[in-house]
Amino acid sequence: MSAIAVRVEGLGKRYDMAPAISSGLLGDELAASIARPWRKARAWFNREAAAADNARTFWALRNLSFELKHGEAVGIIGRNGAGKSTLLKVLSRITKPTEGRAELFGRVGSLLEVGTGFHPELSGRDNVYLNGAILGMHRREIRQRFDEIVAFAEVERFIDTPVKHYSSGMAVRLAFAVAAHLEPEILLVDEVLAVGDTAFQKKCLGKMGDVTREGRTVILVSHDLTSIQMLCRRALRIAHGQVLGFGPVDDEVRAYLDDAKFFARGALDHAIELSPNARLEAFGFAPHVVVSGAAAEFRVKAVVTEAMRFHEIAVLIHDSMNRRIGVLDLRVATGPYAATPDEPLELVAEVRALPLVEGEYRIGLSIRTDEGHAIKYDVVTLDVVSKSEGDVVPYQASVRGVVAFDHSVRRDRSPS
Amino acid sequence: MGDGGGSRQTPPSPDLLFVLDKALAQVPSTVETTRVTPSLVIDQTATGLRQGLRDVWAYRELLYFLTWRDLKVRYRQTALGASWAILQPLTTMVIFSVVFGGLAKLPSDGVPYPLFSFTALLPWNLFAGAVARVTASVVGQANLINKVYFPRVLIPLSGTASALVDFACSFVILLAIMGYYAYLPTWRLIALPGLLLLAMGAALGIGLWFAALNVRYRDVTYVVPFLVQIWLYASPVAYSSRLVTERLGDWGWLYGLNPLAGIVDGFRWAVLGAGAFPAGLVGTSLVTVVVLLLGGWAYFRRTEDSFADIV
């Protein structure tokens, strides 16, 4: 039997919601610390007040335990906010757990973002060294692998050009190349496979395959279930910071998709926090159930408590296997949208003919405001149903892919 | 549509599968490792002082790269580049010479006033620059803190180190001014590295407090420039420390509680060579700096675990 690479025992991470609510100003904080002993005393006598205080804390992870062996690739699956990213953050020592412990046997490398620390003013060469050092490589190692990294990224000619002059594809390739040449015994990866073009992704997957082949351990968080199924043999399924299942990847993916049927359907049933001062109040297609090939309207409503601009809003459409099907880009040529507390942002996108095959789709969004960038997956589900007219019995939906063409057929009788 | 529905729900692209099958087919069946103790244990306990120092040593290359990036970016984005490091103290020296030397006629221990003030401005600017940079450092590197682990104290350390480069630039100017006034460097210059360390220690000690506080309370960003300005006038930069120590009499060494008093006086002694070594002031300042550093680092370590949760 192979040896243990990662052992997690009763891991828990609690976030205190209070600082996020407070203004972060010294005055308020002083007032709060004066109130604290009083609140504690009150909690002693009053159970209701104690319960209210407990509501201010949030357990992102609780009682999490599992073990991984060397050479194993494990995918972590779960909905938004299930604790996947928090788990990786704890394992990569970015944040401390509140309780429990994790033991790692071997050199740990974590890749929570591609190109952390990349600086646009610096040349490609400088950034390779910098990013390598940030990821935990020694200068000697980077020097040894430098040519290989540059060749992998296919940016030889521009290696001494500042990265700000790179195309976004080149920058991402270079960043990924550095990460791909990190040689830890335990590799933690978060959602980074979704970069670059397909050919480059393939190259990266090949490199990741090499990693497990060499007996190293990989923990992969990805929203793309297909890539998890390809790379991992086992999957850890979590929800509300707790383990729901840990077993063969196909079983866990199936169980996850079964659970997913309870997602919000059609329209949003509660507001979603986008950033400290922005909230999503409405999001979804109208009608809630769209007929394949028919017109549909998409509505977004964001409410702000402080004036800000919305630079980008994109509706992300994924199929039931979480493959990206398409994006509704809601930007306009006239520049960013401005919103104020009095005037929320309401957008309507008209899709003239929804070109999707019947089935269930997951709708998410990517939104960039003055306060930052947020990506929310699985915000609502969209049901597309088949159109009833037509004389031909359609093929089964499972063999028709995802695009429904708006087409007609005629027989060409001209002599050949 | 002959292949209608294979064994998998969604067949991934065959090219991808090929790459993976090839890669995974070669996974060795057993990997024997004989490690018994984990190389890394993660739990809620904070790292101790000794482990903290060991971590910094293990990550010394990253410290070098962070400092190097800071300098490279800073001087690449400015039109005048490194000359800013020279222009700033030179301008201050001219203003001080006109206002305090010329108009107010403050005594300068028999040294030409421009040289007298420039000598003091060197350690002062090192201190003030480092405090400002360190205070802003942790908040400025929020992205790194959220995405990657490294000993957090590297960020303030690299802020202090990059202030040292500005110091080196203006030190060349000091030598030029000394030449102009025909002041020859003496053996006393060997005290400079020690005094430099003391100045950096003072800046780091103060900066660690501010940097950690700044994560939680952004008020610090506004308080620090103001505080540094007051500090300048509380330190013997524009005037001679004798103005203060003579008034304190036997308690003159108390002025060293302001670490800059000892550092600036030490600098003047080492560069201008006037009188005896100000042992009382420097000694008091040394103790103050050590206390500040230990306290600052302890506070920083106590709060660093929550940085990623707040910034």
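## Exercises on a predicted model

Chain A of this predicted model has an average pLDDT of 81, and 81% of its residues score at least 70. With that in mind, let's work through some exercises together.

**Exercise 1. Find the stretch of chain A where pLDDT stays under 50, and say how many contacts the model has for it beyond four places in sequence.**

**Exercise 2. Describe the overall make-up of chain A: how many helices and strands does it have, and what share of its residues is buried?**

Solution. Start with secondary structure: chain A has 10 helices and 19 strands. Then turn to burial: 38% of its 416 residues count as buried. Finally, consider contacts with a separation of 6 or more: in chain A, 71% of these come from residues 24 or more positions apart.

**Exercise 3. Work out the strand order of the open sheet of 4 strands in chain A, and explain which strands stand at its edges.**

Solution. Step one is the order, which reads β10-β11-β13-β17, with antiparallel pairing. Step two is the edges: β10 (272-275) and β17 (345-351) of chain A each have a single partner strand, so one side of each lacks a neighbour in the sheet.

**Exercise 4. Follow strand β13 of chain A: which residues stand opposite one another, and which of its faces is covered?**

Solution. Begin with β11 (residues 278-286), which runs antiparallel to β13 (residues 296-304) in chain A and is joined to it by 8 bridges. Along this pairing, A:Ala278 stands opposite A:Val304, and A:Phe283 is opposite A:Val300.

Now move to β17(A), which pairs with β13(A) in the antiparallel sense over 7 bridges. Here A:Lys301 faces A:Glu346 across the two strands.

Last, sort the residues of β13(A) by face. The covered face holds A:Ala296, A:Phe298, A:Val300, A:Ala302 and A:Val304. The uncovered face has A:Glu297, A:Arg299, A:Lys301 and A:Val303.

**Exercise 5. Locate the largest nonpolar core and name the residues with the most contacts inside it.**

Solution. This core has 143 residues, and B:Phe127, B:Ala202 and B:Ala203 have the most contacts inside it. Helix α8 (residues 192-216) of chain B gives the most to this core, with 15 residues. Zoom in on B:Ala202: leaving out residues up to four places away in sequence, B:Ala202 touches B:Phe127, B:Pro259, B:Leu260, B:Ile263, B:Val289 and B:Leu292. Apart from this core lies another of 29 residues, including A:Phe310, A:Ile313, A:Ile317 and A:Leu365.

Notes. Residues are numbered from 1 along each chain as its sequence is written. Chains are lettered from A and ligands numbered from 1 in the order in which they are written. This is a predicted model: local features need pLDDT of at least 70, side-chain atom pairs count only at pLDDT 80 or more; totals for chains, interfaces and linings use all residues. Two strands pair if DSSP finds at least two bridges between them. pLDDT is the predictor's confidence in each residue, from 0 to 100. Two residues are in contact if their C-beta atoms, placed from the backbone, lie within 7 Å. A residue is buried if 20 or more other C-beta atoms lie within 10 Å of its own, exposed if 12 or fewer, and partly exposed in between; C-beta atoms are placed from the backbone. A nonpolar core is a set of buried Ala, Val, Leu, Ile, Met, Phe, Trp, Tyr and Cys residues joined through C-beta atoms within 7 Å.
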